[in-house]
Amino acid sequence: MSAEKAIAPRSTQSARRKNNASALASSCHSRAWAGFTVDLISSVSSVYSVVKDFFQPFKISRWALLAWVLSCAAWADGGAPVSVPSVSASYPHDPRSYTQGLLWHDGLLYESDGRYGHSSISVRDLNTGRILRSRALDPKYFGEGLALVGDDLVQLTWKEHRIFIYDKATLRLKRSLPYAWEGWGAAYDGRHLIVSDGSAWLRFLDPISFQEIRRVAVHDGDQPIDLLNELEFVQGEILANIYGSDRIARILPSTGQVVGWLDLSTLYPAKQRPALDAVLNGIAYDPQRQMLMVTGKYWPKLFVIPVPHIAAIKPVTSPSRPKD
Ligand SMILES: [Ca+2]
């Protein structure tokens with residue numbers, strides 16, 4: 001999480017500018033716009049609206065701003081293929097939730113919420129969105145990524161260098177441990193706890209000692225992809241929200257290469273959101289039904305995406321098949 005990710009008073013103009021700057025930086029710097037040509041018009045339009053709002057007090061020519069946006073678009077050329085997956089269903093999601101971690105296990109949703117004074121871990125019913133069990137964090141902690149390791153829920157905190165281990169059935173706090181890095185996203189691949197820290201690095205930790213085993217730098221072609229946020233391990237790939245973006249990266253764990261992007265910008269259009277920080281964040285996976293569940297901070301809905309719709313896009317590095 002970057003400094004911009006912290007909640008500032010949302011009613012102030014400075015807060016809006018701060019968040020606008022974050023969204024803009026994410027758009028240009030992380031190259032989450034890779035594959036830009038697929039949706040050039042809509043992307044330029046949305047970025048331009050953010051830029052115009054941000055620079056409005058400085059009375060800069062709209063044509064100069066548009067030229068700058070287009071230069072960003074040209075810079076973010078090429079990259080892994082972009083898909084717009086189909087949504088098969090939607091369910092209620094508590095619009096007060098500042099979603100930082102999401103996972104699915106045995107018919108229940110588990111969610112980690114952030115913000116100082118509001119952070120929690122909870123168990124939720126998918127159909128109603130109702131919170132079945134919840135445990136608040138001490139106000140000095142900002143809840144972050146969440147992963148299930150065996151029967152233990154592992155919750156990261158943002159800058160507090162502390163992780164919490166809970167019993168999944170009761171949410172009883174079993175222990176807390178020091179943690180070396182800034183906490184953003186977390187997922188478990190059955191062997192390692194995979195964590196992000198807002199950079200382009202994904203670390204693979206021993207799930208018992210939480211010591212680093214290895215790390216990979218995430219990249220789309222030769223471009224690093226930073227601001228990696230909420231994570232999920234899905235059919236051999238790591239899916240990652242990119243902070244401030246409406247896209248999810250599909251990442252090869254072995255190399256960090258992005259093999260595709262999921263464009264989810266139509267699920268909850270930015271103009272309908274209650275705040276600039278109401279961004280896409282939260283990926284859960286049900287392996288039995290092979291479906292993803294995605295939501296965002298302050299989002300009133302959770303959306304279901306059948307995984308076969310995603311897998312239909314072949315990784316660019318998949319071995320070439322022998323000719324028939
Ligand atoms: Ca997740």
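Here is our chat, question by question.

Modeller: Two ground rules: residues are numbered from 1 along each chain as its sequence is written. This is a predicted model, so local features need pLDDT of at least 70, side-chain atom pairs count only at pLDDT 80 or more, and totals for chains, interfaces and linings use all residues.

Biologist: What is the mean pLDDT of the protein chain?

Modeller: pLDDT is the predictor's confidence in each residue, from 0 to 100. In this chain 71% of residues reach 70 or more, and the mean is 81.

Biologist: Where is the pLDDT below 50, and how many contacts does the stretch at 313–324 have?

Modeller: A contact means two C-beta atoms, placed from the backbone, within 7 Å. Residues 1–45 sit below 50, with 82 contacts beyond near neighbours in sequence. Residues 313–324 are also below 50, and counted beyond near neighbours in sequence, their contacts number 11.

Biologist: Which residue is the bridge partner of L153 in β9?

Modeller: Strand β8 (residues 152–157) and strand β9 (residues 162–167) run antiparallel and are joined by five bridges. For L153, the partner in β9 is Y166.

Biologist: Which residue in the turn between β9 and β10 has a positive phi?

Modeller: β9 and β10 run antiparallel, with five bridges joining them, and I165 stands opposite R175 in β10. The two strands make a hairpin with five residues between them, and the one with a positive phi, about 65°, is L171.

Biologist: How many of the six residues of β10 are buried?

Modeller: Buried means 20 or more other C-beta atoms within 10 Å of a residue's own, exposed means 12 or fewer, and partly exposed is in between, with C-beta atoms placed from the backbone. β10 lies largely in the open, because its number of buried residues is zero.

Biologist: Is P287 buried or exposed?

Modeller: P287 lies in the loop between β21 (280–286) and β22 (291–296). Because P287 has 12 C-beta neighbours inside 10 Å, it counts as exposed.

Note on methods:
Pairing = 2+ DSSP bridges. Helix = DSSP H or I, 4+ residues; strand = E, 2+ residues; numbered from the N terminus.
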